[in-house]
Amino acid sequence: MTGSKKRVYIKTFGCQMNVYDSAQMVNLLGEEGYDEVSTAENADLVVLNTCHIREKAAEKVYSDLGRLRQLKEARADKGEAMQIAVAGCVAQAEGAEMQRRAPVVDFVVGPQSYQRLPHMLSGKSDPLATDFAVDEKFEHLAKKRAANGPTAFVTVQEGCDKFCSFCVVPYTRGAEHSRSAEEIIAEVRALVRHGVREVTLLGQNVNAWAAQGPGGEADWGLGELITHLAQIEELARIRYTTSHPRDMDERLIAAHRDIDALMPYLHLPVQAGSDAVLKAMNRGHTMDTYYRLIDTIRAARSDIALSGDFIVGFPGETDADFEATLQAIRNVGYASAYSFKYSRRPGTPGAKRDDQVPEAVKVERLTILQDLLLSQQVAFNEAQIGKTLPVLFDKKGRHEGQICGRSPYLQSVYVQGSASLIGSITDVNITGAGRNALTGNLVQEALAQA
Ligand code: SAH
Ligand code: SF4
Ligand code: F3S
């Protein structure tokens, strides 16, 4: 295709770190003359950025590849070429096996080596890259950031050393690695220059971030990094995700007390509520330490919205263990949560256990757990009715004249208002609440401005 633009379609599965990586791949490929398109149909290159966390997530990739094979054949019949790359955690976990199982795949790149993709496309490097070249990746990407709206993700930490016995992440993302403060600050500043008002700092264990400060200060943790970023004018909001209870240190908790820009929302997965299951999961903390942590966090920021992840049916989980998880949820009270049936992942210690919980029991437990979590989420949302909340508007709503944004607690908020408010933080009187969103009215001054 001499000179003309090529088209890339990227489909993203899994967590926000994959969303960030996909955006970076679009940037990298943009420099090679690719424009992003929204369907695979006429794309010259299709990238599946995959997730390996649960069996279903990984299987989706192969069903997509089946459909893409037909598309690729149909295109070949018309004399058109289509290349297919698999990136992300399935690529990392399966490596060369991927192309054996799905020969339609042209390139395989792991989450720490996708910066090689442009070279692969030009035939200058091996079509398979699954090494953990995390420094090389960030060096390559730092200067190539474009913003897309008033909110943005910034990966600050990669990988995991925790080895929870159910989880593939330490194998697919490699060891814990912190990006340098300088690089992060430069990326955030660049985003802010492009109009970004809110950044979410990302990491599989984001609160394990540790590095020198930009002036060579020793022992910075996420608390110091956030405190520093909060000084950037025009950066109104900072969030971070996902945190591990073990790495929630005093300085980060103090930032929740002292830094206005740090939003009162914390995703702090506990996974299960019984000490026996936590131990079997290798989580490295007990319920007592978790409760004490929650008390300290709430003492620093009383209105903080807590969210978490839960797994039901880990091998050996008894009815009493499950009841302990329900009790923990009642004790803490969550504003939102994600919950899953345990999925047996090849190569993890949990998968080898011979006391797997039957599927029917998992299904039943998940239903009970989700009912409880949903009731808490609805109650938390309803508690906002009558309040005035500052909302950062970031997009149009589905209905005519509607705009949508986020409350400090990460709830979606819909109002009737002018699209000119997108990118601004505006007070909203909350009048309604559902399970997934709030509705309200712009306060009078904002109406006058719009
Ligand atoms: N680093 C984060 C979570 C990363 S994975 C943390 O430690 O909290 C996101 C979530 O997927 C996990 O919190 C867990 O609840 C879920 N998960 C991971 N492996 C799973 C498995 N094998 N089966 C079911 N859920 C799993
Ligand atoms: Fe997985 Fe545990 Fe690491 Fe989270 S802390 S990524 S659940 S191994
Ligand atoms: Fe999935 Fe990999 Fe994220 S396994 S959840 S895409 S780290």
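**Around the ligands and through the strands**

Hi everyone. Let's start with ligand 1: the residues of its shell split into six nonpolar, four polar and five charged. In case the classes are new to you, Ala, Val, Leu, Ile, Met, Phe, Trp, Tyr, Cys and Pro count as nonpolar, Asp, Glu, Lys and Arg as charged, and the others, Gly among them, as polar.

Quick housekeeping. Residues are numbered from 1 along each chain as its sequence is written, while chains are lettered from A and ligands numbered from 1 in the order in which they are written. This is a predicted model, where local features need pLDDT of at least 70, side-chain atom pairs count only at pLDDT 80 or more, and totals for chains, interfaces and linings use all residues; side-chain values use heavy atoms, with hydrogens and water left out.

Back to ligand 1. How many residues surround ligand 1? There are 15, and the closest are F166, Q204, Q271, D309 and S343. A residue counts as near a molecule or strand if one of its heavy atoms lies within 4 Å of it.

Now the polar atoms. A polar contact is a pair of N or O atoms within 3.5 Å; within protein, one must be able to donate a hydrogen and the other to accept it, and residues adjacent in sequence count only if both atoms are side-chain atoms. The side chain of R54 has an N or O atom 3.1 Å from an oxygen atom of ligand 1. With F166, a backbone N or O atom is 2.9 Å from a nitrogen atom of the ligand. And for S343, a polar backbone atom is 2.8 Å from a nitrogen atom of ligand 1. On its own, ligand 1 has 540 Å² of accessible area, and the protein covers 89% of that. Those areas come from the Shrake-Rupley method with a 1.4 Å probe, and for residues only the protein chains shown count as cover.

Which strands each supply at least two residues of this shell? Strand 15 (305–312) and strand 16 (336–341). Helices (H or I, at least four residues) and strands (E, at least two) are DSSP runs, numbered from the N terminus.

Around ligand 2 you'll find eleven names to click through, among them C160, C164, C167, F166 and H244. By class, that shell has seven nonpolar, two polar and two charged residues.

Okay, on to strand 10, residues 198–202. Is strand 10 mostly covered or mostly open? Covered: five of its five residues are buried. Buried means under 20% relative accessible area, exposed means over 50%, and partly exposed is in between (1.4 Å probe, protein chains only). In a regular strand the side chains alternate between the two faces of the sheet. Here, E198, T200 and L202 point one way, V199 and L201 point the other way, and all are buried.

What's beside it? Strand 7 (residues 151–155) runs parallel to strand 10, joined by five bridges, with T151 opposite E198. Two strands pair if DSSP finds at least two bridges between them. Strand 13 (residues 237–241) is also parallel to strand 10, again over five bridges. Its T241 is the bridge partner of L202, and its I238 stands opposite V199. In strand 13, R237, R239 and T241 on one side and I238 and Y240 on the other are all buried.

Stay with T241 for a moment. Why does T241 count as buried? Because its relative accessible area is 11%. A cis peptide bond joins T241 to T242, with omega at about 0 degrees, and the two side chains make a polar contact at 3.2 Å. T242 itself is in the loop between strand 13 and helix 10 (250–258).

On the other end, in the loop between helix 9 (222–229) and strand 13, sits E234. E234 isn't a glycine, although it has a positive phi of about 75 degrees. E234 counts as exposed because its relative accessibility is 52%.

Last stop: strand 20 (residues 425–433). It pairs antiparallel with strand 17 (residues 388–396) over five bridges, and L389 stands opposite V428. Strand 20 also forms a hairpin with strand 21, with three residues between them. That's me done, thanks!
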